Each structure stands twice: as C-alpha cells, then as structure tokens.
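Cover how each sits in the fold and what surrounds it.

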Amino acid sequence: MSDAGQMEIRPASVGDLDDLVRLEEAFPEEDRFPRRTWRRLLDGNTVSHVAVSGGTLVGAAVLLFRTGSRVARLYTLSVTPDLRGKGIARQLMAVGEAAAAEKDCDRMRLEARESNQHAILLYERSGFRVIARVAGYYPNGETAVRMEKPLGSSASSGR
C-alpha cells in the first residue's frame with residue numbers, strides 16, 4: 001500500500017459502500033457496521049469523509065448532527081490496520097472538525113471502548129477529554145468513555 005503522505009481526504013459517497021464494508025472487516029464482528037448502516041449514514045444528517053491512498057480506501061470518519069444542537073458527534077473513525085499510526089486518523093478528524101465548525105458546532109463528542117487505550121490516547125492527544133463513563137454502553141456490556149473537544153477559534157488556532 002502506498003505511503004500515507006500520498007493521502008487524499010474527500011467526502012464519502014454511496015460509491016464507497018463496498019470499500020467501507022471491507023474496511024469494517026478489520027474490526028471485531030460486534031463493532032462492524034453492515035452495508036445498510038453505511039447506506040443510512042451516507043444518506044443521513046451526517047458529514048462523512050474517506051481517506052484514499054493509491055486508489056485504495058484506507059480510512060473513514062462519520063460525524064452525526066442533531067438539529068438545534070451545537071455538538072457534533074464523531075460516530076465512527078476507522079483506519080486500515082497496516083496504516084494506523086501514520087496520521088490518517090488525525091487528518092480525518094481535522095477535516096471533520098472543520099466541517100463541524102462550518103455547521104456552527106462548538107463541540108465534538110465521541111464514545112470509545114474503555115479498553116481501547118490506543119484510541120483514547122489518540123483522542124486525548126487531539127484535544128479531547130473524558131467527560132463521562134457510560135456503563136454497559138456496548139452490546140457486550142463494556143463501559144464507554146465519553147469524550148469531548150471544544151471547536152472554534154481557540155481549538156483550531158494551533159493548526
């Protein structure tokens with residue numbers, strides 16, 4: 001696979017469905033989104049981006065929005081396992097944060113498995129902080145950490 005430096009981040013489309021489903025295969029079965037979920041996400045009140053390297057979809061991020069809310073929710077962020085740690089997730093988050101700010105959101109939230117320390121560390125390094133723990137959040141009963149990051153001029157001034 002090509003170097004992450006040759007990355008293109010672009011809006012996701014229905015034409016990406018097969019590749020998005022394929023990207024999910026790297027996750028535990030209980031965390032995978034089926035094709036119909038991806039289709040709903042692409043058609044919903046969302047902003048979805050994909051990372052493409054060498055013509056291959058290698059990452060995706062989806063933000064959810066609620067009418068009347070200034071909080072964007074990072075619903076999913078995924079990068080193919082062999083390219084993790086190369087800044088792709090951060091690029092996807094930065095594009096998502098800019099899109100959320102354009103929609104007049106002032107915060108971004110997400111949930112992560114408490115056991116997923118790699119993801120939690122990535123989010124903390126990106127300016128998120130834990131605001132709550134939600135017991136039994138996942139289908140297997142695992143606790144989630146809810147994290148939040150302020151958006152706007154103070155959050156993006158260092159970019």
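The buried residues of α2 pack against α1 (17-24), β2 (46-53), β3 (56-64) and β4 (71-79). Note that the model is predicted.

Which residues of α2 are buried? Helix α2 spans residues 35-43, and Thr 37, Trp 38, Leu 41 and Leu 42 are its buried residues. They cover an arc of only 135° around the axis, so they lie on the same side of α2. An α-helix has 3.6 residues a turn, so residues three or four places apart point the same way. On the other side of α2, Arg 36, Arg 40 and Asp 43 are exposed. The cut-offs are under 20% relative accessible area for buried and over 50% for exposed.

β5 covers residues 107-113, and five of its seven residues are buried, so β5 is largely enclosed by the rest of the structure. The chain reaches β5 from β4 by way of helix α3 (residues 88-102), and this β-α-β crossover is right-handed.

β5 pairs with β4 and with β7, as the table shows.

| Strand pair | Sense | Bridges | A bridge partner pair |
|---|---|---|---|
| β4 and β5 | parallel | three bridges | Val 71 and Arg 107 |
| β5 and β7 (residues 144-150) | antiparallel | seven bridges | Ala 112 and Val 145 |

β4 links the two parts of this report. The buried residues of α2 pack against β4, and β4 pairs with β5 in the parallel sense.

Technical notes. Residues are numbered from 1 along each chain as its sequence is written. This is a predicted model: local features need pLDDT of at least 70, side-chain atom pairs count only at pLDDT 80 or more; totals for chains, interfaces and linings use all residues. Side-chain values use heavy atoms; hydrogens and water are left out. Buried means under 20% relative accessible area, exposed over 50%, partly exposed in between (1.4 Å probe, protein chains only). Helices (H or I, at least four residues) and strands (E, at least two) are DSSP runs, numbered from the N terminus. The arc is that of the directions from the helix axis to the C-beta atoms. Contact means heavy atoms within 4.5 Å. Two strands pair if DSSP finds at least two bridges between them. A crossover is right-handed if, with the strands pointing away from the viewer, the path from the first strand over the helix to the second runs clockwise.
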